[in-house]
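Open the model in your viewer and follow the stops below in order. Each stop says what to select and what is there.

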Amino acid sequence: FDRLKKNYKGPQVVVSSEGLDFSYDDFADAVANTDYSFNRNDVVKGTVVQYENGGCVVDIGAKSSAFLPTQESSLFMPQGATLESLVDLDTEMDFQIISEEDENGQLLVSVRRIQYRQAWEKVIAQQTEDEVFEAEVVAVNRGGAICLVEGLRAFLPGSHLTGQLPTEDLIGQTLALKFLEVNQEDNKLVVSNRRAVVEQQMSNLSRGDIIGGVVKALKPYGAFVEVGGMSGLLHISQISYDRIEDLEKVLQPGQQVKCMIIDHDKVNGRIALSTKTLEPEPGDMLTDSAKVFELAEETAKKYHERMEAERKAREEATKDIVMGLGDSLADLTSDDEGEDPLADVSDNLDSLLS
């Protein structure tokens with residue numbers, strides 16, 4: 001009995017392959033001939049099937065499941081973010097293979113590197129368009145601030161901040177920006193808030209507008225006035241109709257002023273200013289600048305009316321000159337009517353040829 005028990009294999013189940021489109025041999029050949037070739041840097045479709053400590057398991061159709069490390073799950077990981085908030089289970093997405101198979105046949109994959117490449121493509125396209133865009137400040141340092149642009153960290157120099165300093169209060173704010181430098185090879189992004197603000201404000205400025213500002217610096221040739229983050233030049237010849245011997249007796253750094261825009265360069269963000277056009281009487285900037293600024297809008301209106309009247313007078317004078325020339329030409333034509341103006345020339349040529 002013991003011998004029979006030892007040799008007993010259990011009930012025999014006979015499996016028939018009748019009615020199937022393939023045999024077991026065909027199935028074995030198909031498995032053997034299936035190509036499981038996955039190379040480093042290949043981008044493949046996959047699905048996250050399980051979260052694990054330090055990452056998650058991804059089914060990419062290989063012999064073994066791939067592994068997505070947490071640091072490769074996103075281009076930017078907000079403070080306090082979890083893997084579950086960055087990668088969804090049972091959702092098909094693209095993964096980049098970043099390793100060779102280990103001893104268990106497992107591959108490492110990345111989402112971050114795909115997002116990194118896509119982010120640079122978007123940034124380069126934005127730079128080509130040279131448009132103003134918005135980005136959030138995520139950190140500050142001694143030299144400026146760090147902004148998040150399409151998931152990439154961009155440096156905003158402190159000198160290119162408008163109306164603010166790079167302090168902790170800046171973190172979380174969304175700023176208008178333009179690119180200063182885009183270099184994918186060196187992984188370098190530099191942006192400017194000042195350029196964006198200047199462009200937006202310059203689009204709303206016109207010659208003859210009255211704007212307020214603050215005197216920032218005095219130079220031998222005039223004063224620099226900050227106007228909404230822009231630096232305008234108030235040339236010494238445009239401060240007053242009277243001659244200025246000592247500029248420091250007229251203006252001081254930090255002084256609030258009102259000026260008229262007399263010229264602007266929207267491409268480079270430069271504006272030329274004038275206060276003498278706002279003087280009710282020549283020399284008022286030297287004797288009572290407060291009065292000049294108080295009556296700035298009223299004086300500017302009179303100035304524009306005077307300029308318009310002078311323009312019309314010039315047009316009339318030009319018209320009279322043109323009409324006078326027309327009458328003179330008409331008189332000359334009537335006096336010489338019937339005569340050949342080239343007759344004398346022809347006679348001279350004939351005499352020379354003979």
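Buried means under 20% relative accessible area, exposed over 50% and partly exposed in between, with a 1.4 Å probe and protein chains only. This is a predicted model, in which local features need pLDDT of at least 70, side-chain atom pairs count only at pLDDT 80 or more, and totals for chains, interfaces and linings use all residues. Residues are numbered from 1 along each chain as its sequence is written, and side-chain values use heavy atoms, with hydrogens and water left out.

Select helix α5, residues 193-202. Helices (H or I, at least four residues) and strands (E, at least two) are DSSP runs, numbered from the N terminus. The buried residues of α5 are N193, A196, V197, V198 and M202. They pack against β8 (152-157), β9, β10 (188-192), β13 (230-235), β14 (256-265) and β15 (270-274), where contact means heavy atoms within 4.5 Å.

Next, go to the start of α5, where a side-chain oxygen of S192 comes within 3.3 Å of the backbone nitrogen of R194.

Now turn to the aromatic rings. How many aromatic pairs does a search of the whole structure find? The search gives 3. Rings of Phe, Tyr and Trp (its six-membered ring) pair if their centres lie within 6.5 Å; planes under 30 degrees apart count as stacked, over 60 as edge-to-face and the rest as tilted.

Select F133 and F179: their ring centres are 4.6 Å apart and their planes at 35°, so the pair is tilted. F133 lies in strand β6 (residues 133-141) and F179 in strand β9 (residues 174-183), 46 residues apart. F133 is buried, at 10% relative accessibility, and F179 is buried at 8%.

Finally, select Y221 and F224, an edge-to-face pair with 6.2 Å between centres and 90° between planes. Y221 is partly exposed at 40% relative accessibility, and F224 is partly exposed at 25%.

Conventions: A polar contact is a pair of N or O atoms within 3.5 Å; within protein, one must be able to donate a hydrogen and the other to accept it, and residues adjacent in sequence count only if both atoms are side-chain atoms.
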